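Subject: Structure handover

Hello,

Here is the structure you were waiting for. Please open it alongside this note.

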Amino acid sequence: RWSPDGRRLAVQVPKPQAGGSNLFLVDVDSGERRPVSPAGGPVQLYAWSPGGDRIVSAGGPGNRFQPD
């Protein structure tokens with residue numbers, strides 16, 4: 001999903017053994033990829049904030065929403 005300002009792309013990369021996926025942010029200009037998955041487990045849902053400065057994500061059972 002593109003950030004609201006179009007400068008970054010959030011990409012989910014599947015984790016077949018664990019279920020869910022890891023979440024990465026890609027800077028469109030530099031191509032730099034940064035992991036932003038919560039430490040406690042895989043990401044299943046995520047959304048950009050309206051201003052594009054944060055991502056909120058949710059994982060499997062026992063995981064909480066994790067702001068970036």
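Start at Ser 3, which is buried because its relative accessible area is 4%. Buried means under 20% relative accessible area, exposed over 50%, and partly exposed in between (1.4 Å probe, protein chains only). Ser 3 sits in the segment before S1. Its side chain reaches the backbone nitrogen of Arg 7 at 3.3 Å. That is a polar contact: a pair of N or O atoms within 3.5 Å, where, within protein, one must be able to donate a hydrogen and the other to accept it, and residues adjacent in sequence count only if both atoms are side-chain atoms. Leaving out residues up to four places away in sequence, Ser 3 touches Arg 8 and Trp 48. Contact means heavy atoms within 4.5 Å.

Some ground rules. This is a predicted model, in which local features need pLDDT of at least 70 and side-chain atom pairs count only at pLDDT 80 or more, while totals for chains, interfaces and linings use all residues. Residues are numbered from 1 along each chain as its sequence is written, and side-chain values use heavy atoms, with hydrogens and water left out.

Overall layout

The protein chain has 0 helices and 6 strands. Both are DSSP runs numbered from the N terminus: helices are H or I with at least four residues, strands are E with at least two. Of the 68 residues in the chain, 31% count as buried. Take the contacts between residues at least 6 apart in sequence: 24% of them join residues at least 24 apart.

The chain has a mean pLDDT of 79, and 74% of its residues reach 70 or more. pLDDT is the predictor's confidence in each residue, from 0 to 100. Among the elements, strand S3 (residues 33–35) has the highest mean, 89. Strand S6 (residues 66–67) has the lowest, 48. Where pLDDT is low, the predicted coordinates should not be read in detail.

Charged residues

Arg 8 lies in strand S1 (residues 8–14). Arg 8 is buried yet has no salt bridge. A salt bridge is a side-chain nitrogen of Lys or Arg within 4 Å of a carboxyl oxygen of Asp or Glu. The nearest side chain of opposite charge to Arg 8 is Asp 5, at 4.9 Å. Lys and Arg count as positive and Asp and Glu as negative; His and the chain ends are not counted. The side chain of Arg 8 does reach the backbone oxygen of Gly 52, at 2.4 Å. Beyond four places in sequence, Arg 8 touches several residues, including Trp 2, Ser 3, Val 26, Trp 48 and Asp 53.

How many salt bridges does a search of the whole structure find? The search finds 1. Arg 7 pairs with Asp 5, with the closest N and O atoms 3.5 Å apart. Side chains of opposite charge can pair when their charged atoms come close. Arg 7 counts as exposed because its relative accessibility is 53%. Asp 5, at 39%, is partly exposed.

The nonpolar core

The largest nonpolar core has 8 residues: Ala 10, Leu 23, Leu 25, Val 36, Val 43, Tyr 46, Trp 48 and Ile 55. Strands S2 (21–27) and S4 (43–48) each give two or more residues to this core. S4 supplies the largest share, 3 residues. A nonpolar core is a set of buried Ala, Val, Leu, Ile, Met, Phe, Trp, Tyr and Cys residues joined through side-chain atoms within 4.5 Å.

Is Leu 23 buried or exposed? Leu 23 is buried, because its relative accessible area is 1%. It belongs to strand S2.

Val 43, in strand S4, is buried at 0% relative accessible area.

Val 11, in strand S1, is partly exposed, with a relative accessible area of 28%. With neighbours within four places left aside, Val 11 is in contact with Asn 22, Leu 23, Phe 24 and Val 26.

Best wishes
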